[in-house]
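Colleague: I would like a close look at one part of this model, with its surroundings described side chain by side chain. Please state the cut-off behind each term as you go.

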Amino acid sequence: MFRRLVDETLRIDIRKPIGPIQAHFPRRGDGGIDVIAGVPVRPDEEMESDIVATLDIPAVEREAAIVRHGHFAEASPAVNLLTEWLEATDQTSAFDHYREVYLQSEGPAETWVAEHQFILKDPQ
């Protein structure tokens, strides 16, 4: 998915992204989850593509995050640890939006560094 995103942004001449590649997993109203790969770009960036679209990701007040090194296919232990921490500390996550930010994504996937984030609900 990321390779296709990068290839398409190069094809439509997107200038250098202004941040790291990301994956967003928002939950739909029907319970399904969309998978969105993206790169941050300037708001004035023009895009003409059947594959790439502009999407505004809203800022969040609070999140729980964990950083891990290694291949993205081996993310489960880190995500499970973060989920266990949420439960142990009585944090309430808005599990309707999970995201990954790839802080280092050059070279083999085994060398990548990713931050996994759960948006937190405001404390009651």
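Modeller: Glutamate 100 is buried yet has no salt bridge, and the nearest side chain of opposite charge, arginine 68, is 5.6 Å away. Here buried means under 20% relative accessible area, exposed means over 50%, and partly exposed lies in between, with a 1.4 Å probe and protein chains only. A salt bridge is a side-chain nitrogen of Lys or Arg within 4 Å of a carboxyl oxygen of Asp or Glu, while for charge Lys and Arg count as positive and Asp and Glu as negative, with His and the chain ends not counted. This is a predicted model, in which local features need pLDDT of at least 70 and side-chain atom pairs count only at pLDDT 80 or more, whereas totals for chains, interfaces and linings use all residues. Residues are numbered from 1 along each chain as its sequence is written, and side-chain values use heavy atoms, with hydrogens and water left out.

Glutamate 100 belongs to strand β4, residues 93-104, where strands (E, at least two residues) and helices (H or I, at least four) are DSSP runs numbered from the N terminus. Its side chain makes a polar contact of 2.4 Å with the side chain of tyrosine 102, and another of 3.1 Å joins it to the side chain of tyrosine 98. A polar contact is a pair of N or O atoms within 3.5 Å; within protein, one must be able to donate a hydrogen and the other to accept it, and residues adjacent in sequence count only if both atoms are side-chain atoms. Not counting residues up to four places away in sequence, glutamate 100 also touches Ile21, Gln22, Ala23, Phe25, Glu115 and His116, contact meaning heavy atoms within 4.5 Å.

Alanine 114 lies in strand β5, residues 113-120, and counts as buried because its relative accessibility is 1%.

Arginine 99 is buried, with a relative accessible area of 10%, whereas glutamate 63 counts as partly exposed at 32%.
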